[in-house]
2 protein chains.
Amino acid sequence: MTIMAISLPARGRPREFDVDAALETAMRVFWRQGYEATTMSDLVEAIAINRASLYAAFGNKEALFLLVLDRYQQAFSERPMAALTEIADPREAIETFLLRTAEHLTDERLPRGCLFSNSILESPSGSERISRTVAKGVAGLEDTVYHVFQCGQREGQLGQGADCRALARFYVGVAQGMALIAKVSADQSAIFDIARTSMAAWPSRTI
Amino acid sequence: MTIMAISLPARGRPREFDVDAALETAMRVFWRQGYEATTMSDLVEAIAINRASLYAAFGNKEALFLLVLDRYQQAFSERPMAALTEIADPREAIETFLLRTAEHLTDERLPRGCLFSNSILESPSGSERISRTVAKGVAGLEDTVYHVFQCGQREGQLGQGADCRALARFYVGVAQGMALIAKVSADQSAIFDIARTSMAAWPSRTI
DNA sequence: CTATTTATGGAACGATATGTCAATAACTAA
DNA sequence: TTAGTTATTGACATATCGTTCCATAAATAG
């Protein structure tokens, strides 16, 4: 679909709205209100297009949300995740990941919280595909974090006694906790406090 | 209301269902499905009473949910919170709080996650009163945890350099992260891993 | 030009949501 | 018994949900 967007066949009547801008708008509405609480009427109004045009362009609500999840992941989760894959030192990798996550969560230009974390709690009531996509995102994050610890341990930056799985679960849990607090509290310093304080749990190299 | 429940005026036709049992059932349904996703028809079916009886007994959906929140707080948040107020040693208090929270979150007899944490993410779409009640619950928890650190610092179990506010925010964030992970993952050991690992962030007494 | 294809606009669909009504039943007080 | 009060019952009102239909508009292909 993204590949097709480059070519311009332009057969039939051309669209009068920008699909990319519409997706961006839809993402913000879903992000702020949640999947269930967002109605197609909300989206129609926010994007300022006709109802049928929205369906013609994106299929239905579920398909649109899956596109939005994909867009969110590409636009916002890439930068924090890059810290985990590109920074060699594990401690610096995790710390940078947490700080970038905190920056994202406290960005006042964006809706509160993390779209994926927000979606976790309404998973059972939403569609099965959405549940799986969200769960896969969280599981993927844990795997990436685990990999950081495992590599660090293999290369000697972490002690052999360190529990890589527990550490990965912990830092993913911290990130989720930050996302939840960001949703309930407007205080930016609270999010950074959590990120910074969690680094004190870094395992010593005594073992 | 709870006081009135003891007296038995019994004027007019007596109720044919147990109000307390109905509230318990409603709590479980809300807990499992969330506020928005739970319909009054779901509750009517689960409690097995007539629709109008439900409205006559509890008012409307919002009022019922507020009662459910109150019930949840009394029934489940008391035990973890008691660790914070009753255990003198701050480290043992926090650790016990986290472990009791982990036990609660992984209790297979109960719905997944924490009702309050679950409600945080759908707050904006729910009623204003529900949002305030949930936010007040989280803020109250942070205050209680903060008090533990402040007392510990005053009495010398914590160094003067410890940032009590940041520590309180961190451990509340950890608890919220645990609640979110408990919702997405069925693995009980993940929750306890987070609780245990977070205790490694306990401040040293060097300062 | 005509035929074809795609987008738009507005109305409408069926399903389901919360909340209510009027009739009836079951109790107490006098 | 009679009056007053409250609970139950099933149907119903009203609104809104996601989704679709159809006539029309605007483009290309031949």
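Reader: With what kind of model do we begin, and which elements make up chain A?

Author: This is a predicted model. Chain A has nine helices and zero strands. Read from the N terminus on, the order of its elements is α-α-α-α-α-α-α-α-α. The C-alpha trace of chain A spans about 70 × 35 × 30 Å along its principal axes.

Reader: How many residues does chain A have, and what percentage of them count as buried?

Author: Chain A has 207 residues, and 37% of them count as buried. As for contacts in chain A with a separation of 6 or more, 62% of them are between residues 24 or more positions apart.

Reader: Which residues meet where helix 1 and helix 4 of chain A are in contact?

Author: Helix 1 of chain A contributes L23(A), A26(A), M27(A) and F30(A), which meet L64(A), F65(A), L67(A), V68(A), R71(A) and Y72(A) of helix 4 of chain A. By class, this contact has nine nonpolar residues, no polar ones and one charged residue.

Reader: What angle do the axes of helix 8 of chain A and helix 9 of chain B make?

Author: The axes of helix 8 (residues 164-184) of chain A and helix 9 (residues 188-198) of chain B cross at roughly 85° and come within 8 Å. These two helices are therefore roughly perpendicular to each other. On the side of helix 8 of chain A the contact has A166(A), L167(A), R169(A), F170(A) and G173(A), while helix 9 of chain B brings A190(B), D193(B), I194(B), R196(B), T197(B) and S198(B). The residues of this contact divide into five nonpolar, three polar and three charged.

Reader: Which residues of helix 9 of chain A are buried, and what covers them?

Author: The buried residues of helix 9 of chain A are A190(A), I191(A), D193(A), I194(A), A195(A), T197(A) and S198(A). Their cover includes helix 5 (90-106) and helix 8 of chain A, together with helix 8 (164-184) of chain B.

Reader: How many residues does each chain give to the contact between the chains?

Author: Chain A gives 36 residues and chain B gives 35 residues. On the side of chain A that touches chain B, at least two residues each come from helix 1 (19-33), helix 6 (115-120), helix 7 (128-154), helix 8 and helix 9 (188-198) of chain A. Helix 8 of chain A gives the most to that side, with 13 residues. The residues of the side of chain A that touches chain B divide into 19 nonpolar, 10 polar and seven charged.

Reader: How are two copies of a chain related?

Author: Two copies of a chain are related by a rotation about an axis and a shift along it. The same surface serves both copies, for 97% of the contact residues of chain A recur in chain B.

Reader: Which residues come closest to each DNA strand?

Author: Around DNA strand D there are 26 residues, the closest being R13(A), T39(A), G12(B), R13(B) and A52(B). Helix 3 of chain B gives the most to the surface near DNA strand D, with four residues. That surface near DNA strand D has nine nonpolar, seven polar and 10 charged residues.

The largest share of the surface near DNA strand C, four residues, comes from helix 3 of chain A. Its residues divide into nine nonpolar, seven polar and nine charged.

Reader: Is P111(B) buried, partly exposed or exposed, and why?

Author: P111(B) counts as partly exposed because 17 C-beta neighbours lie inside 10 Å. P111(B) is found in the loop between helix 5 (90-106) and helix 6 (115-120) of chain B. Leaving aside neighbours within four places in sequence, P111(B) is in contact with R28(B), W31(B) and R32(B).

Key
Residues are numbered from 1 along each chain as its sequence is written. Chains are lettered from A and ligands numbered from 1 in the order in which they are written. This is a predicted model: local features need pLDDT of at least 70, side-chain atom pairs count only at pLDDT 80 or more; totals for chains, interfaces and linings use all residues. A residue is near a molecule or strand if its C-beta atom, placed from the backbone, lies within 6 Å of it. Ala, Val, Leu, Ile, Met, Phe, Trp, Tyr, Cys and Pro count as nonpolar, Asp, Glu, Lys and Arg as charged, and the others, Gly among them, as polar. Axes are lines fitted to C-alpha atoms, for helices over the stretch in contact, and angles run from 0 to 180 degrees between N-to-C directions. Angles under 35 degrees count as roughly parallel, over 145 as roughly antiparallel, 65 to 115 as roughly perpendicular and the rest as oblique. Two residues are in contact if their C-beta atoms, placed from the backbone, lie within 7 Å. A residue is buried if 20 or more other C-beta atoms lie within 10 Å of its own, exposed if 12 or fewer, and partly exposed in between; C-beta atoms are placed from the backbone.
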